[in-house]
Every structure is written in C-alpha cells, then in structure tokens.
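Me: I have a structure open and would like to talk it through. Could we begin with the overall picture and then go into particular places?

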Amino acid sequence: MHTILPNPSLHKPHNSPSFSCKILINPSKKNTITLPRRHTPPFLPPLLPPSSSPPPSPPPLAEPKIFPLKFEPPKLNPLQKLASLALDMLEKSVVTELEKKHKLNRTVDPEIQLEGNFAPVQECPVQHGLEVIGQIPSTLTGVYVRNGANPLFEPINGHHLFDGDGMIHAVKLDSVNNKASYSCRFIQTSRLVQEAALGRPVFPKPIGELHGHLGLARLLLFFARTRFGLVDATKGTGVANAGLVYFNGRLLAMSEDDLPYSVRITDDGDLETNGRYNFDGQIDDPLIAHPKVDPITGELYTLSYNVLKKPYLKFFKFDTCGNKSRDISISLQNPTMIHDFAITENHVIIPDYQVVFKLSEMLRGGSPVIHDPEKVSRFGVLSKDDHDESRIRWIEVPNCFCMHLWNAWEEINEDDDETLVIIGSCMSPPDSIFSGSDESLKSELSEIRLNLKTGKSTRRVIVSGMNLEAGQVNKNKLGRKTRYAFMAIADPWPKCSGLAKVDLVTGNVTKVLYGDEKFGGEPYFVPSTKEGKEDEGYLMSYVRDEMKEKSELVIVNASNMKQVALVKLPKRVPYGFHGTFVSSQDICNQSSC
C-alpha cells in the first residue's frame with residue numbers, strides 16, 4: 001500500500017484572481033421572493049499571532065444577499081385561502097408540536113446531518129479568474145459538475161442527508177489558458193419552485209419525515225393541500241440531488257423519486273434548469289440515480305421503480321437518438337431499495353436486496369425503509385436483448401447490500417463456466433444509513449462472482465479495514481474487465497479523507513490523502529483517450545479545508561496518483577454526491593431545449 005501526500009511543489013499561482021458576477025433575473029415575474037438562509041456561524045479567517053501581518057488578499061467579492069430565483073406566489077381563491085389557513089394551523093399547532101416531543105435518531109437529526117460543511121449554501125453566479133496552482137491538463141477542457149443535497153429551507157423536523165434540494169457545483173476548465181471559473185445553482189425542480197413561491201417547505205421528506213404516525217400525518221397534510229390545489233404533485237415531487245449523466249445532448253440530474261431534470265451549461269459556465277425531462281413523452285415514472293451508458297453502443301440503460309404499485313420495477317433502455325425500448329417488468333415480492341445496478345457486454349445485472357420499502361410499517365410507528373432479515377439478497381441476470389423477464393436468472397448472494405456497483409464483466413472460470421464478476425461496495429449493517437444503528441458502518445470494496453452454469457455465487461473483500469465508497473472506473477471500460485477502481489476513502493464516515501486507486505487483481509492500494517482536517521468526495525475519472533491505458537487520465541474532486549475554511553478543486557494524475565493542479569474556489573462547496581465531466585465539445589452539442 002502506498003500513500004502519497006499532496007504535491008508541495010505546486011505553490012505558485014498562475015495568475016491573480018479577478019472576479020466578475022451576474023445575477024440571473026427573469027423580468028417577466030412581478031414579485032421577488034427573498035429566499036431564507038439557514039443560520040450558520042460566519043466563516044472567519046484563522047486568528048494570526050500579534051506579530052504576524054495578514055497575507056495579501058484578493059479583491060473582495062460581493063456576497064449575494066438573496067438567491068437569484070424569482071417566483072410568483074400562487075393566486076388562491078377564497079376557499080383555497082381558507083383551506084390553506086386551516087391546514088397551516090393544524091400543521092403548526094398539532095403535527096409540529098408532536099414532532100418536537102419525538103426524539104430523532106442521528107441519521108435524521110438536522111443538527112447532525114447539516115453540521116459543518118454539510119450545511120447548505122446560497123447560489124453563486126459565475127466567478128471568473130480563479131487562482132489556479134499548477135497546470136490544468138490539456139484533456140480537461142470542459143466543465144466538471146457535481147450534484148448534492150442543499151436544502152432550500154431549514155428543516156422543520158427530521159432531515160436525512162438524502163432529503164435536500166439538488167444543487168450543482170460547476171467548475172469550467174480552460175486548459176489552453178490555464179483558467180477556471182465557478183458557479184453553483186439549484187436544480188429548479190417543481191418541488192423547489194413551488195416551495196420557494198410559498199416561502200416554506202410543504203412537500204414531505206421521504207426519509208427524514210415519513211416515520212410512524214406523524215409521518216402519516218404529514219402525508220395526509222400533503223394530500224389535503226394537493227386536493228385543494230395549494231400544491232401540484234402531478235409535476236413531480238423529487239429533488240434531483242444524486243446522479244448526473246450526460247446523454248444525447250443533455251445533462252440530466254437524477255434521483256429515485258422523480259423523472260430526471262435537464263440542465264443546460266451555458267457558454268459562460270453557468271447552469272440553467274430546462275425542466276423535468278420525460279424523454280419526449282416516453283416515460284412517466286421515476287428513474288434510478290445511476291443509469292449506465294454502454295461505451296461501445298452509446299445506449300443508455302436504466303431502471304424505474306414504484307413503491308406503491310406493481311410492477312415495482314421496470315427495465316428499459318434508450319438508443320443513441322433517445323428512442324426508448326419496450327418496458328420489461330421485473331417481478332418482485334416487495335419494492336426494493338435499488339440505487340444502482342450493473343451492465344456487462346451482454347447482460348444486465350439487477351440487485352434485489354434485503355432493504356425494502358414497507359409502507360405498512362408506518363402504521364406500526366416505524367420507518368417505511370426497513371431491513372428484512374427473512375429475505376435473501378439476490379441478483380437477477382437478464383440479457384440485454386431480452387424482451388420480457390421470462391429468461392431472467394436469479395442467483396442468491398446472502399447478506400449482501402451494495403449501495404453502488406462500480407463495474408461488472410463476463411469471464412470463463414477455470415471450470416469453463418460462464419461467470420459474471422461484479423465490483424461493488426458492500427455495506428454492513430445494510431440499513432445503517434437509514435436506521436441510525438449504533439454499530440459502526442463498513443463499506444468494503446468487494447468482488448461478487450455469479451456462476452451462470454451452477455447458479456451459485458461467491459463474495460470476497462478486495463480491500464479490508466478501509467471504507468471505500470463513491471468511486472469510478474474508466475467509463476470507456478464500463479461493462480468490460482477493468483483492473484483499477486478509483487474510490488473515495490470514506491473515513492471518518494461520512495467524510496472522505498482522500499482518494500484510493502485500487503488494483504482489483506492484487507488488492508494493492510495507492511492513496512492520496514488530503515491532509516489534516518481536509519475532506520473531499522467522489523473522485524471523478526476523466527480518461528485521456530479512448531484507446532489509452534486504463535489508468536491514463538485524471539481524477540478530480542472538491543476538497544474542503546475545514547481549518548482554513550477554504551474549498552478547492554483538486555486534480556490528480558491517475559497513473560501515478562500525484563496532484564497536478566488545484567483550483568481555489570471563491571465559495572464554500574458542501575460535501576455532496578455524484579458528478580461528471582462534460583467536455584467542451586459536448587457543451588457545444590447540447591440540445592437547445
């Protein structure tokens with residue numbers, strides 16, 4: 001195992017920072033909503049000894065006083081005004097008061113979930129002329145975007161890390177001139193737009209609030225508001241805060257609770273939400289956060305699940321022009337928590353874990369997301385060319401729960417049996433990120449083998465004693481055999497103290513540690529070329545220095561795991577989820593709508 005610290009030789013800034021900013025304003029709207037800010041302590045510079053002189057500082061940057069979002073409050077008729085007043089009083093005087101008496105576990109306690117750099121930030125218009133240390137690699141001309149949860153309003157009661165409104169942080173990289181710019185914008189989901197217009201949260205939080213009888217009360221309040229036309233659930237209720245994928249000329253922001261949202265990257269490096277995207281009327285159910293683009297065919301494979309009615313799960317794909325295949329319904333006894341799946345050259349691998357949705361548990365006072373100890377985890381293997389589920393093969397993999405599957409491929413084993421190899425991070429306890437268990441969470445990078453001849457499985461830990469989550473393989477090798485995985489070192493959980501390059505054959509790990517009180521997130525791998533070596537490319541991740549209260553974009557050469565560049569960011573970037581890199585060519589080829 002090798003440990004590499006950040007390169008201390010990268011100390012000379014290429015240019016001095018100069019900033020310009022703009023605030024997007026929609027002149028057609030009459031009213032401006034000043035959106036609330038979460039009250040967090042101001043970030044102060046570290047105190048200097050009396051004899052020290054302060055270092056030179058860049059020109060001051062004006063802090064936007066409001067979110068640059070303009071929404072007209074809804075116009076209500078007399079009956080709606082009366083219903084709104086009554087429901088608000090019921091919520092405030094009964095439901096919220098009862099919730100205050102209910103102790104929250106740590107996974108839904110907002111004081112824990114939104115602590116420190118998990119706290120939300122305001123939108124930031126484009127900031128140009130950022131300080132760049134080192135040289136931006138020539139292959140990195142484009143925009144790195146990363147999604148995350150950033151609640152618009154301070155939580156009323158329970159709040160899970162997954163509940164926040166989607167916000168994308170973007171760094172535009174110009175390798176020719178070694179320049180960078182930064183912006184961050186909310187994904188303007190139907191949910192966010194409606195709540196911003198109302199000036200408060202009204203949509204229930206699926207994980208943080210929907211527990212037990214009080215969760216049912218929140219659902220009933222929401223249904224009553226929709227019945228009176230105070231909110232519109234038909235336009236979607238999701239937060240679009242998890243995944244990002246660029247496909248067929250569109251950057252899509254995804255979460256399991258809704259259709260994807262289309263986001264446009266402007267020439268200036270800003271972000272504009274183009275609305276909820278149903279693939280030109282071809283879908284009406286939510287998609288999971290991690291669709292897969294086959295690097296050979298260019299097709300997009302995805303799953304859609306419904307926790308309320310059968311079929312609980314469907315599989316389909318889109319060709320390179322965005323045309324959808326027929327649905328394949330997957331028969332499940334109960335709706336299952338599926339955040340990710342895998343593809344190989346010829347197969348689709350669908351997990352069916354022990355973490356399931358049981359809404360009836362709310363009637364018993366519990367959470368609708370539970371671990372079912374009587375169920376055995378299994379993986380379904382479907383041919384990419386199948387037109388229904390009649391030929392699906394289910395292979396049991398006991399006590400397995402992988403929030404993410406990084407890659408999978410086909411092999412012939414020593415007995416000449418066709419075998420599927422899956423690389424994923426196996427979590428234990430499987431429901432710990434939802435239940436608030438006191439048991440320490442483990443997320444171990446593992447290899448799962450499915451023998452298609454015998455129907456048996458094996459599982460082995462590739463790297464033990466280290467939490468490895470939020471990772472990547474070379475996307476040009478997706479579905480084909482890979483040697484390397486690039487992972488975040490999720491320690492101390494849920495923070496990430498560094499990057500790890502894992503040799504999947506030997507188990508050897510090369511680490512890049514950010515340093516004391518520095519934490520990052522998912523490393524995104526950008527290959528240098530399609531035909532180059534598997535590890536020929538660059539890793540990038542946002543990093544927060546919690547002592548100096550500074551945020552950076554770190555760029556690391558994946559072949560030798562040495563830092564080559566760093567971009568100093570003008571704003572705090574909270575810890576988040578998943579990202580992607582959109583090349584300058586793809587930006588030029590974006591769909592206009």
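Me: How many helices and strands does the chain have?
Reply: The secondary structure comes to six helices and 34 strands. Helices (H or I, at least four residues) and strands (E, at least two) are DSSP runs, numbered from the N terminus. This is a predicted model, in which local features need pLDDT of at least 70 and side-chain atom pairs count only at pLDDT 80 or more, while totals for chains, interfaces and linings use all residues. Residues are numbered from 1 along each chain as its sequence is written, and side-chain values use heavy atoms, with hydrogens and water left out.

Me: What percentage of the chain is buried?
Reply: Buried residues account for 55% of the 593 residues in the chain. Buried means under 20% relative accessible area, exposed over 50%, and partly exposed in between (1.4 Å probe, protein chains only).

Me: And the contacts, what share of them joins residues at least 24 apart?
Reply: Among contacts between residues at least 6 apart in sequence, that share is 64%. A contact means heavy atoms within 4.5 Å.

Me: Which residues touch the most other members of the largest nonpolar core?
Reply: They are F379, L445, I448, L450, L468 and V502, in a core of 63 residues. A nonpolar core is a set of buried Ala, Val, Leu, Ile, Met, Phe, Trp, Tyr and Cys residues joined through side-chain atoms within 4.5 Å. A second, separate core has 32 residues, including L152, Y542, L553 and V567.

Me: Staying with L450, what does it touch?
Reply: Not counting residues up to four places away in sequence, L450 touches I349, F379, V381, I395, V397, E418, T419, L420, I422, K456 and S457.

Me: Now L566. Where is it, and is it buried or exposed?
Reply: L566 is in strand β33, residues 562–569. L566 counts as buried because its relative accessibility is 9%.

Me: Which residues is L566 in contact with?
Reply: Leaving aside neighbours within four places in sequence, L566 is in contact with E131, V132, I133, E552, L553 and V554. L566 and I555 are eleven residues apart in sequence, and their C-alpha atoms are 6.0 Å apart.

Me: Changing topic to β5, which strands does it pair with?
Reply: Strand β4 (residues 142–149) pairs with β5 in the antiparallel sense over eight bridges. Strand β6 (residues 179–186) also pairs with β5 in the antiparallel sense, over eight bridges. Two strands pair if DSSP finds at least two bridges between them. N147 stands opposite I168 in β5, and the bridge partner of M167 is F186 in β6.

Me: How many residues lie between β5 and β6?
Reply: There are four residues between β5 and β6, which form a hairpin, and N178 in the turn has a positive phi of about 55°. Strand β5 (residues 166–174) is mostly covered, with seven of its nine residues buried.

Me: What about α1, how far does it reach?
Reply: Helix α1 (residues 78–100) has 23 residues and reaches 32 Å from first C-alpha to last, close to the 33 Å expected at 1.5 Å a residue. The expected span is 1.5 Å times one less than the number of residues.

Me: Where is the kink in α1 centred?
Reply: The kink in α1 is about 35° and is centred on E91. The bend at a residue is the angle between axes fitted to the seven residues ending there and the seven starting there. E91 is one of the buried residues of α1, and those buried residues pack against α4 (212–227).

Me: Which residue caps the N-terminal end of α1?
Reply: N77 does, with a side-chain oxygen 3.1 Å from the backbone nitrogen of L79.

Me: Why is α3 described as largely enclosed?
Reply: Seven of the nine residues of helix α3 (residues 190–198) are buried, so the rest of the structure largely encloses it. What covers the buried residues of α3 includes β6 and β9. G199 follows α3 and has a positive phi, near 85°.

Me: Last one, where is Q354?
Reply: Q354 is in the loop between β16 (347–352) and β17 (355–357). Q354 is buried, with a relative accessible area of 5%.

Key
A polar contact is a pair of N or O atoms within 3.5 Å; within protein, one must be able to donate a hydrogen and the other to accept it, and residues adjacent in sequence count only if both atoms are side-chain atoms.
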